[in-house]
Amino acid sequence: MAKSPLDTSPLTALDNVRVVLVNTAHPGNIGGAARALKNMGLSQLYLVAPREFPAANAVWRAAGAADLLDKVVVVDTLEEAVADCGLVVATSARERRIPWPLLTPRQCGERAVAEASTHPVALVFGREDRGLTNEELQACNFHVHIPANPDYSSLNLATAVQVLAYEVRVAALEAEKGAELSYADWDRPPAKASDMELYFDHLQQALGQIGFIDPDNPRQTMTRLRRLFSRVRPDDMELGILRGWLTAIQNYIHRTGGKGRPD
C-alpha cells in the first residue's frame, strides 16, 4: 500500500518503492532478490508471471528474508504491477534503436527516494536471458543502466536488484541528513501508469481518426510519442486536460461528419 504523502521520512518512504521482476525463470533468483531488498530496507516485491512460484528454492535463497516472500504480489502483466505508480524505471542492458531518458544507478536511487514520499515507485527488472521487451521498456518513464565491465557485463538478476536497492538506501540515508534532492516539488501528483496507458490508447485512436497516423500501421510514431510523454511526465490534471482535448477533437469530427483519414 502507498504511504501517506504526509509521511515524508526518506527511510520510511522506502516502503513505497517496489521491485518488479518480470517472468523470472529461476525461483532462486526471486529468493535472492528478496534477500537483497531486506538488506537495504525495502519490502515490496512484485512478480509478473513467474515461471515457478511459490518454490522451495526461493525460500532457501531468501535465507532470513523469507517473510518478504510471504507478502509477494503476483500479477499477470507489467501493466498490473505498475498501474498505481507515479514513477516507473526499467533496467536495460542494451542500447535501443530509439533511445529513452536514461538514469545512472545513483540518479535512479535519488529520484526514487525523492518521489516515494508522495506516490509509489517501481523498479522493473526483466528476464534472466533477454531482459525486457521493447513494449515493456516503453511503458516506463526512465531506463537505468548499470555500468558493469563491458568485457563481462552480464549481471545475475539478484545482483542487479542489490545494486539498485543499495543506491536507493544510500539516497534515503543522505536525505535523512538533509541533503537536497533533485526532484522539485509540484502542485499535482504525476499521472499514474495505468492512466498513461489509457491516454496512449485514446491518443492513437484520435490520431487515426484525423488521419495523422494509419491505425493499422502507426510505425514508430506512437513509440516516439510515448517517449515524449515519458520525458515530460504530465501530472494528473495535465493528463485530464490532454484527454479532454482529444475528446473535443473526436466530438468535432462526429458533429461535422468528418470521415477521418483521407483516401
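Biologist: Which residues of H6 are buried?

Modeller: In this predicted model, Pro105, Cys108, Gly109, Ala112, Val113, Ala114, Glu115 and Ala116 of H6 are buried, the term standing for under 20% relative accessible area, with exposed over 50% and partly exposed in between (1.4 Å probe, protein chains only). Residues are numbered from 1 along each chain as its sequence is written, and side-chain values use heavy atoms, with hydrogens and water left out. Local features need pLDDT of at least 70 and side-chain atom pairs count only at pLDDT 80 or more, whereas totals for chains, interfaces and linings use all residues.

Biologist: What makes residues 105–116 a helix, and how does the span of H6 stand against the expected one?

Modeller: Helices are DSSP runs of H or I with at least four residues, strands are runs of E with at least two, and both are numbered from the N terminus. Helix H6 has 12 residues and reaches 16 Å from its first C-alpha to its last. The expected span is 1.5 Å times one less than the number of residues, and H6 comes close to the 16 Å expected.

Biologist: Why is leucine 69 called buried?

Modeller: Leucine 69 has a relative accessible area of 8%, which is under 20%, and therefore counts as buried. Its place is in helix H4 (residues 66–70). Not counting residues up to four places away in sequence, leucine 69 touches Ile30, Ala34, Leu45, Phe53, Ala58, Val59 and Ala62, where contact means heavy atoms within 4.5 Å.

Biologist: Why is alanine 49 called partly exposed?

Modeller: The relative accessible area of alanine 49 is 33%, between the limits of 20% and 50%, so the residue is partly exposed. Alanine 49 lies in the loop between S2 and H3, and its phi is near 45 degrees, a positive value in a residue other than glycine. The loop between strand S2 (44–48) and helix H3 (56–62) also holds proline 54, and the peptide bond from phenylalanine 53 to proline 54 is cis, with omega near 0 degrees.

Biologist: What makes arginine 233 buried?

Modeller: Arginine 233 is buried because its relative accessible area is 14%, under the 20% limit. Its place is in the loop between H10 and helix H11 (236–256), and it has a positive phi of about 55 degrees although it is not a glycine.

Biologist: Which residues have the most contacts inside the largest nonpolar core?

Modeller: A nonpolar core is a set of buried Ala, Val, Leu, Ile, Met, Phe, Trp, Tyr and Cys residues joined through side-chain atoms within 4.5 Å. The largest has 43 residues, and Leu21, Leu45, Leu123 and Phe125 have the most contacts inside it. Helix H8 (residues 157–176) gives the most to this core, with nine residues. Apart from it lies another core, of 17 residues, among them Val75, Ala122, Leu137 and Cys140.

Biologist: How many cavities of 30 Å³ or more does the structure hold?

Modeller: The structure holds one. On a 1 Å grid over the protein atoms alone, a cavity is a set of points where a 1.4 Å probe fits but cannot get out, and lining residues have an atom within 4 Å of a point. The volume of the largest cavity is about 170 Å³, taken as the space filled by probe spheres set on the points, with grid points joined across faces, edges and corners. Of its 19 lining residues, the closest to the centre are Ala139, Asn141, Ala193, Met196 and Ser230. The largest share of the lining, four residues, comes from H9.

Conventions
On a 1 Å grid over the protein atoms alone, a cavity is a set of points where a 1.4 Å probe fits but cannot get out, and a pocket is an open set with protein on both sides within 12 Å along at least five of seven lines; lining residues have an atom within 4 Å of a point.
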